[in-house]
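Here is a short briefing on one protein chain. Please look over the sequence and the structure before reading the points below.

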Amino acid sequence: GEPHEEAVATSKSQGAEVAEVTAPVPLIFQSSVPALAAEFRDFRLLRCTRCQSVFNLEKAKYSLDAKSFWCPGCRFRAMDPFNEVISPSGLLYCSLVSAPLLQFTLNLAQLGSWRESGEVVEFRMLCVDSEELLQVWPTELSVEVDGRKLFCVQPPERGHKRRDIPQDVTSALKPGVNSITVRISEDE
């Protein structure tokens, strides 16, 4: 089936620190009551072993040991130690991508002051069903802000491996509300 990635725009700074939290056994929610099971069929919870938050996997594939699960927020915060996500509020938007179209808004009232202090906003994705904390784009991706093309990721050329890197989108955003549209195409 279709891999499910996370979409996120983050504000980062070289000086941010991330504290690691040790954790007890993860929580996995499953109901034996038929009415609840039908109503919550896309409701699959795991407890993050790093921050202790409970995360709903929805329809995302997760085949790894639940005792080693890190929520997407923790994965993004640990992904790139040279471009760390500002703690605690640097994760501006995070969502499972389970359809070919994702739309959301970001209210970036403080964008001007972030630019002045050298902070940037990046667009990143990762695969939830992976032990590696790597930036991973789907086969094809296009991102728009307020109806303007922000960036596109094309399929790799045959026989070549594509270098998937986060995208700095700071200059394309405006202070205030920004409407983001993400279109995804994934090979089956």
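This is a predicted model: local features need pLDDT of at least 70, side-chain atom pairs count only at pLDDT 80 or more; totals for chains, interfaces and linings use all residues.

The chain has 188 residues, and 41% of them are buried. Its secondary structure comes to three helices and ten strands. The mean pLDDT is 76.

**Confidence**

- Of the residues in the chain, 76% reach a pLDDT of 70 or more.
- Residues 1–32 have a pLDDT below 50. Even there, the model has 128 contacts beyond near neighbours in sequence.
- A further stretch, residues 36–40, also stays under 50. For residues 36–40 the model has two contacts beyond four places in sequence.

**Overall layout**

- Read from the N terminus, the elements follow the order β-α-β-β-α-β-β-α-β-β-β-β-β.
- Take the contacts in the chain with a separation of 6 or more: 69% of them join residues 24 or more positions apart.
- Helix α2 spans residues 72–79. Six of its eight residues are buried, so the rest of the structure largely encloses α2.
- Which residues of α2 are buried? They are P72, G73, C74, R75, F76 and M79.

**The four-stranded sheet**

- Four strands make an open sheet, in the order β5-β10-β7-β8. Their pairing is antiparallel.
- Which are the edge strands? They are β5 (101–107) and β8 (148–153), and each pairs on one side only.
- On average, neighbouring strands of this sheet are turned by 20 degrees against each other, direction ignored.
- β5 and β10 run antiparallel and are joined by seven bridges.
- Within that pairing, Q103 stands opposite T181 of β10. The bridge partner of F104 in β10 is I180.
- Side chains in a regular strand alternate between the two faces of the sheet.
- Strand β7 (residues 140–145) also runs antiparallel to β10, with six bridges between them. Here L141 has I184 of β10 as its bridge partner.

**Aromatic rings**

- How many aromatic pairs does the whole structure hold? The search finds six.
- A pair of aromatic rings is described by the distance of the centres and the angle of the planes.
- Y62 and F69 form an edge-to-face pair. The centres are 5.2 Å apart, with 90 degrees between the planes.
- Buried or exposed: what is the state of Y62? Y62 is buried, because its relative accessible area is 15%, under the 20% cut-off.
- F69 is buried as well, with a relative accessible area of 0%.
- W137 and F151 form a tilted pair. The ring centres are 5.6 Å apart and the planes stand at 55 degrees. That angle lies between the cut-offs of 30 and 60 degrees, so the pair counts as tilted.
- W137 sits in the loop between β6 (120–127) and β7, while F151 belongs to strand β8. The pair therefore ties together parts that are 14 residues apart in sequence.
- Both W137 and F151 are buried.
- One aromatic cluster is made up of F55, Y62 and F69.
- A charge also meets a ring: R50 lies over the face of W70, at 4.6 Å from the ring centre.

- Where is T170? T170 is in the loop between β9 (167–168) and β10 (177–185).
- T170 is buried, with a relative accessible area of 7%. That value is under 20%, which is why T170 counts as buried.
- Neighbours within four places in sequence aside, T170 is in contact with L111, R115, E119, V120 and V121.
- E122 lies in strand β6. At 7% relative accessibility, E122 also counts as buried.
- E122 and V169 are 47 residues apart in sequence. In space, their C-alpha atoms are 5.6 Å apart.

Terms used. Residues are numbered from 1 along each chain as its sequence is written. Side-chain values use heavy atoms; hydrogens and water are left out. pLDDT is the predictor's confidence in each residue, from 0 to 100. Contact means heavy atoms within 4.5 Å. Helices (H or I, at least four residues) and strands (E, at least two) are DSSP runs, numbered from the N terminus. Buried means under 20% relative accessible area, exposed over 50%, partly exposed in between (1.4 Å probe, protein chains only). Two strands pair if DSSP finds at least two bridges between them. Axes are lines fitted to C-alpha atoms, for helices over the stretch in contact, and angles run from 0 to 180 degrees between N-to-C directions. Rings of Phe, Tyr and Trp (its six-membered ring) pair if their centres lie within 6.5 Å; planes under 30 degrees apart count as stacked, over 60 as edge-to-face and the rest as tilted. A charge sits over a ring if NZ of Lys or CZ of Arg is within 6 Å of the ring centre and within 35 degrees of the ring normal.
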